[in-house]
Each structure stands twice: as C-alpha cells, then as structure tokens.
Amino acid sequence: MALKLSVIGCGYLGATHAACMSSLGFEVVGVDTDQSKVEMLSKGELPFYEPGLDTLLAAEISNGRLTFSTDFATVADADVHFICVGTPQSKDGLAADLTYVKASVSAIAPHVKEGSLIVGKSTVPVGTAQLLRDQLAISAPQADLAWNPEFLREGFAVEDTLTPNRLVVGVTNDRAEVILKEVYKPIIDLGTPWIRADLPTAELVKVAANSFLATKISFINAMAEVCEAAGGDVTVLAKAIGYDPRIGNRFLQAGIGFGGGCLPKDIRAFMARAEELGANQALEFLREIDAINIRARKRMIDVVRADLSDDLTQYKIVVLGATFKPDSDDVRDSPALDIAAQLQAAGATVVVHDPKGIEPARKRFPNLDYQEKVVDAVKGADAILHLTEWKEYRELDPSVIGQLVKSKFIIDGRNMLDRNKWRAAGWRFHALGRTD
Ligand code: UGA
C-alpha cells in the first residue's frame, strides 16, 4: 500500500512540499495553525506567488489526494510526517527561533502511529534533531525521527522539489532510510544523487550550503568595492573568473546583495550556534560576509547621494523592485525595500514599483508610495534605481521612460540592464562595481 504523508507547516516550504508529494501519487494532509491559510489552500488557492505551484496545487486539490487542516489529529493515518515550519531569526539575537519546530513536534506527538517517521525539513541549528529525538523518546516512543534538509529556491520551488540536484537524509538506522527511499523513489529514479548522513551532518549540510552561497555573493560584492576604488568593472571580472570551473559563474552577480528569509538569517544562526559549540572562530568570516552584504545597500545610497546631493529632500527617486529577488512576492529582508525605506528616511520622495510584491511590501512599509505601473511610477523622477531584476525591467524602452522622467538618470543595483541601450537613449547610467 502506498505511504500516506503529512506536512506540518504550510508556508512556502510546506505548501510546495505537500503539493509536490501529492503530485508523486501520495495521499497528503497539510496541517497549519493558520485558519485562513488552510482555507485558501483547501480551495486550491496559493497564499503567495510562486510560478507553477498554483496550477499544481489546484490539480492536486481537485484530484482529492491533497487536503489541508488545522487539526493535528488528521496526521494519525500518515506513515511519514514532514516538519516544514519556519525558523526565523530570534527577536533578541542572531540565533534561530525554534519555537515552531518544537511546538509542531509536540502537537503531532500524541497522534503519530506506531512505526511512523517524523522527518525534519526546516533549517535548524545543528543538534536540534537529537534534541527532538530525546523529547520524542518520552512523548512518542512509537515514532522515529530523521532529517532531510530542503534546498529549494523561491521562484523555482516546484522544479527544485521534483528534480533536486541532490537528496540528503540524516538517519540513525536503515529502516528510516528505506522509508525515505520509498517516498522519493520517483525522484531517485531520475538519477538524483542520494546522500545518507548522520543527523548533525544533515543539519549542517543545509547551513553550510547557504553560507557558501552567501560567501560567493559577498565575495563578488567585495570585488565590486575594489573595482569602484581602482577603476575596474566587476561584471567583466566576474565573467572572467567564472570561466574557471573550480570557481563557476553562478552566484557571482554583483549588486545590492542578498536578502530573503534564508541566507541572511541562516548565516547569523550558524554563527550563533558555532559560538555555543565553542567553534566561533571557524565561522568568524561569516560576520564579514554579513557586513559586506549590508554595506552593499549602503553603497547604493552613497552612489545616489554622490550623484544627486547629500540632501535628498528635493528629489523624487523611483525604486524598481521591492521583492528580495524576481519571480517571488517575498519581501523578507529585501535589499530593495531596505534601500527604499532608507532613502525615504533621508528625506527623498520615494516611489516603489514591483510586479508582484506591492501588497506584501505595503504591509511592511505602509508609508512608502507604491505604483502598479512603471509608467506611472517614473513620472517626474530625478533618478531611477533598478533594485530587483524582474524581466520586465530589462524590457523597458529607455526612450519611452525618458519622456516621463524629470532627469534621465538610472542606477543599476543588479548589473542586469543593458547600459548601451540606456546610454544610446540619452541616459546617465551608473551601476554598482563599474566605474565607467
Ligand atoms: C536560498 C538558497 O539558494 C536555496 O538553495 C535554499 O534552499 C533557500 O535559500 C532556503 O534556505 O530555503 P532563496 O532564498 O530562494 O534560496 O534565494 P537565492 O536564489 O539564493 O537568492 C538569495 C539572494 O541572493 C537574493 O536576494 C538574490 O538577489 C541574491 N543574489 C543571488 C545576488 O545578489 N547575487 C547572486 O549572484 C545570486
């Protein structure tokens, strides 16, 4: 008989995992404490924007394999329970807040059946899985626990879940591995590498991967700073070093740096955990990675000030992009929004446009001015800042936009616009990390 699955926490990770596992043919129940989220998902509606997930979700709801509930007792039938709740940064420090992980495991413990497997997917500080195992030994000795970190990227969530570049499972026995192999059989059959690890290694793989990615981005942004000082061009530098396959050309896009709900908080939580373990020196470099990243936002503001004036009160600045990356409506720790808010705090009149992120952005920064259309946003602008690289911004016609602004001046904070095209239309064009 096919395994039955439950997914605890139906946010970004959980909703994606539930819909994708259902699409593999499993009966899946998703459980979340947020009534309105559960109601939306039950109707096949996605509470956030993610390309391709909306149609997948609707299809799985209508074929009846996928259901959602606020009742933890609905997990009783499931053989495998995936924990997909958030682990945000704590309010009072760098560490990850494990409240939701602990609460969800406690909530399902009274309901899980004999022989079932609880599988953590949330990003947690190393040692959490063992802690939960110790708790389960008392509250639900009939169940086992494994860890299976998730590497999906927003904007590619379905693709990354159904065709990941590897599957990593942290287990303490063969039986847990056999169960997970049964769940992921269709994906393994595609030739996906399978890595069995112990629990701490599985937990560490995730934060190590995100730390490496953050390091790559901050490395190239550090090179951008040096290029600015030395009269170089970071885009050419990135291209040139990227041809070395040991370096690779991905994640070397210089600009205003990384944001989102993962990279920033994960490197901070990793540092906090290393300190608890007495290994703080090993991760000291991540402090610098974080500092370079925050500095990239400040450098953007410095460029605006250097180009317009120290006093920004007379200027209208248009920010293109509010989300932390394109093809997402996620504005958590978005560099673009942070810069917009800082410019407004400095006295500028700031207008923000984004194809998908205006409503979430408005919730975070209600006092910024938002416009639904680029042509409305740019009217009378003294400067345009390109801060999230949505495709539609690359397709803008500089001649059309040029007729609407007060001053034809654009700064590319993502190094993605075609500067020849803009300059040919009479624009002053600046970019981070490029001096000419
Ligand atoms: C990241 C990881 O890439 C995923 O593998 C991981 O599963 C996920 O976090 C997570 O922990 O859940 P995501 O947050 O969706 O995924 O975003 P990324 O694509 O990694 O981009 C992060 C930020 O880095 C964005 O703000 C992006 O604009 C910035 N970035 C990325 C750059 O500034 N330069 C680059 O070259 C690449």
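An oxygen atom of the ligand is 2.8 Å from an N or O atom in the side chain of Lys-325. Taken alone, the ligand exposes 710 Å², and the protein buries 90% of that; these areas come from the Shrake-Rupley method with a 1.4 Å probe. The structure is a predicted model, in which local features need pLDDT of at least 70 and side-chain atom pairs count only at pLDDT 80 or more, while totals for chains, interfaces and linings use all residues. Residues are numbered from 1 along each chain as its sequence is written, and side-chain values use heavy atoms, without hydrogens and water.

The ligand has 21 residues around it, and Phe-151, Leu-152, Glu-154, Asn-210 and Phe-324 come nearest; a residue counts as near if one of its heavy atoms lies within 4 Å. Helix α9 (199-230) and helix α11 (263-276) each supply at least two residues of this shell, and the largest share, four residues, comes from α9. Helices (H or I, at least four residues) and strands (E, at least two) are DSSP runs, numbered from the N terminus.

The whole structure holds 35 salt bridges, each a side-chain nitrogen of Lys or Arg within 4 Å of a carboxyl oxygen of Asp or Glu.

| Pair | N to O distance |
|---|---|
| Lys-121 and Glu-150 | 3.2 Å |
| Glu-177 and Lys-181 | 3.7 Å |
| Asp-333 and Arg-297 | 3.1 Å |

Lys-121 and Glu-150 are both buried, where buried means under 20% relative accessible area, exposed over 50%, and partly exposed in between (1.4 Å probe, protein chains only). Glu-177 and Lys-181 both lie in helix α7 (residues 174-183), four residues apart, about one turn of the helix. Glu-177 is buried at 13% relative accessible area, whereas Lys-181 is partly exposed at 38%. Arg-297 is buried at 3%, and Asp-333 is partly exposed at 26%.

Asp-354 sits in the loop between β10 (349-353) and α14 (358-364). Asp-354 is buried but has no salt bridge, and the nearest side chain of opposite charge, Lys-356, is 8.6 Å away; Lys and Arg count as positive, Asp and Glu as negative, and His and the chain ends are not counted. A polar atom of the Asp-354 side chain lies 2.6 Å from the backbone nitrogen of Gly-357.

Technical notes:
A polar contact is a pair of N or O atoms within 3.5 Å; within protein, one must be able to donate a hydrogen and the other to accept it, and residues adjacent in sequence count only if both atoms are side-chain atoms.
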